[in-house]
Amino acid sequence: MNKPVILTGLRANNDLQLGNYLGALLPIIEMQKKYAGEYQINLFVPDLHSFTTPIDHSKLYEQSINNVRVFIAAGLDINNADTFVYRQSHVPAHSELTVILNCFTYMGELSRMTQFKEKGGGQTSVSVGLFDYPVLMAADILLYGAKYVPVGADQTQHVELARDIAIRMNNKFGDLFVLPEAEKEQIAFAHSQARLRIRDLQKPEKKMSKSDESGKGVIFLTDAPEVAAKKIMSATTDSFEKISYDTENQPGITNLIDILAALTGKDATEVAQEYEGQTQYGPLKTATAEAVSTFLTDFQERLSAVDDAAVMAKLEAGEKAMNVTANNTLAGVQKAVGLRN
Ligand code: TYM
């Protein structure tokens, strides 16, 4: 019997940042460890998603491969036989299923996606690729029947859309797709209280993002540990002189608590309790800066030791196997919609 699938993807549009690591990469690696043998793990590079916003195309190919190096340095066990690593564009069924799903997705739905409104807002010309991005993401998920999709808070709405499209098509054509679990189950499965949203250190009202141009509020996984520690020490906080886990009123402090908790494997509430009653922010900042710098030192050491031949071998094996699975799902959909018999 096929094993249930846990799947996620990280775009290669720039160096990955701490939010990518804590929001998606670390959770799927922890799931790989926890459920070894019970679940299939698909960790892929959505390279076609990478230029829904403008990028330097001369770097994309190498950056896609580098993402796989990052997965390994972050702790992904590539010797695990149930783990598949691949580039989206190397499995053409992703694109083909997207064309079909497009006809079962409404303009209104896509226009309501927060990320589209944020990224497309205020721009004179917005690409169709950016608008259609969630449908390609739905194809990524549905081709493999993924039940669990560990992502950061900014992607929750897209996972829910994938589920809505699957329900709609199952209602019309019978049981075509395995449904990704609903949001409540996704969170319970990850043993977390909510999807994570790491914030920009300078502007904590915004999420930390790899496309941020100044880079001052962003910790890139390539940052020198001492540079990253300085970014934490100069993070924007507030003047309340108290430490509480309060996203609304103390987003900067809450962000530091989230980062420290995730890097030390604790609950945010646990960390918040440790600092309760303190009126100075220095100790929390120092502990967070130390945790970030220790993490980056270890991570970068592992990154420099990644074996490129092993990366390419794992990618090739993953792409071969996933083409078989994806083509199989695609053939079922093509049959259902009347393209084949
Ligand atoms: P992307 O490449 O922008 O980000 C990769 C993952 O990192 C998470 N993330 C964050 N989590 C917490 N705090 C942050 N500040 C933060 N910034 C980014 C994202 O939520 C994401 O999980 N569309 C996706 C990639 C994708 C995908 C998929 C994911 C394509 N197809 C299928 C899952 C399943 C994206 O653009 O993520």
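The legends below describe several close-up views of one predicted model.

Residues are numbered from 1 along each chain as its sequence is written, and side-chain values rest on heavy atoms, with hydrogens and water left out. Because the model is predicted, local features need pLDDT of at least 70 and side-chain atom pairs count only at pLDDT 80 or more, whereas totals for chains, interfaces and linings use all residues.

View 1. The ligand is surrounded by 27 residues, of which the closest are Tyr133, Asp140, Gly152, Asp154 and Ile198; a residue is near a molecule or strand if one of its heavy atoms lies within 4 Å of it. Polar contacts, meaning pairs of N or O atoms within 3.5 Å (within protein, one atom must be able to donate a hydrogen and the other to accept it, and residues adjacent in sequence count only if both atoms are side-chain atoms), can be followed at several points of this shell. An N or O atom in the side chain of Tyr133 is 2.2 Å from an oxygen atom of the ligand, and an N or O atom in the side chain of Asp154 is 2.6 Å from an oxygen atom of the ligand. At Gly152 a backbone N or O atom takes part, at 2.8 Å from an oxygen atom of the ligand. The ligand taken alone exposes 700 Å², and the protein buries 99% of that, with accessible areas computed by the Shrake-Rupley method with a 1.4 Å probe and, for residues, with only the protein chains shown counted as cover.

**View 2. The make-up of the ligand shell.** Strand S1 (5-9), helix H1 (18-34) and helix H6 (128-142) each supply at least two residues of the shell around the ligand; helices (H or I, at least four residues) and strands (E, at least two) are DSSP runs, numbered from the N terminus. By residue type, the shell divides into 13 nonpolar, nine polar and five charged residues, where Ala, Val, Leu, Ile, Met, Phe, Trp, Tyr, Cys and Pro count as nonpolar, Asp, Glu, Lys and Arg as charged, and the others, Gly among them, as polar.

**View 3. Leu97 in helix H3.** Leu97, which lies in helix H3 (residues 93-102), counts as buried because its relative accessibility is 0%; buried means under 20% relative accessible area, exposed over 50%, and partly exposed in between (1.4 Å probe, protein chains only). Neighbours within four places in sequence aside, Leu97 is in contact (heavy atoms within 4.5 Å) with Ala139, Leu143, Phe177, Leu330 and Val333. Although Leu97 and Leu330 are 233 residues apart along the chain, their C-alpha atoms are separated by 6.5 Å.

View 4. Phe84 belongs to strand S3 (residues 83-87) and, at 17% relative accessibility, counts as buried. Not counting residues up to four places away in sequence, Phe84 touches Gln40, Ile41, Asn42, Leu43, Gly318, Ala321 and Met322; the C-alpha atoms of Phe84 and Leu43, 41 residues apart in sequence, are 6.3 Å apart in space. Glu319, in helix H13 (residues 308-336), is also buried, with a relative accessible area of 6%. Beyond its neighbours within four places in sequence, the contacts of Glu319 are Val85, Tyr86, Arg87, His90 and Val91.

**View 5. Aromatic rings.** The structure holds 11 aromatic pairs, in which rings of Phe, Tyr and Trp (its six-membered ring) have centres within 6.5 Å, with planes under 30 degrees apart counted as stacked, over 60 as edge-to-face and the rest as tilted. The ring centres of Phe116 and Phe131 are 5.0 Å apart and their planes stand at 65 degrees, so this pair is edge-to-face. The pair links distant parts of the chain, with Phe116 in helix H5 (residues 114-120) and Phe131 in helix H6, 15 residues apart. Both Phe116 and Phe131 are buried. Elsewhere, ring pairs join Tyr35, Tyr39, Tyr148 and Phe189 into a cluster.

View 6. Most residues other than glycine have a negative phi. His191, however, has a positive phi of about 50 degrees although it is not a glycine; His191 lies in the loop between helix H8 (183-189) and helix H9 (225-233) and is exposed, with a relative accessible area of 57%. Glu241, in the loop between H9 and helix H10 (251-264), has a positive phi near 55 degrees and is exposed, with a relative accessible area of 54%. Ile243, also placed in the loop between H9 and H10, is buried at 4% relative accessible area.
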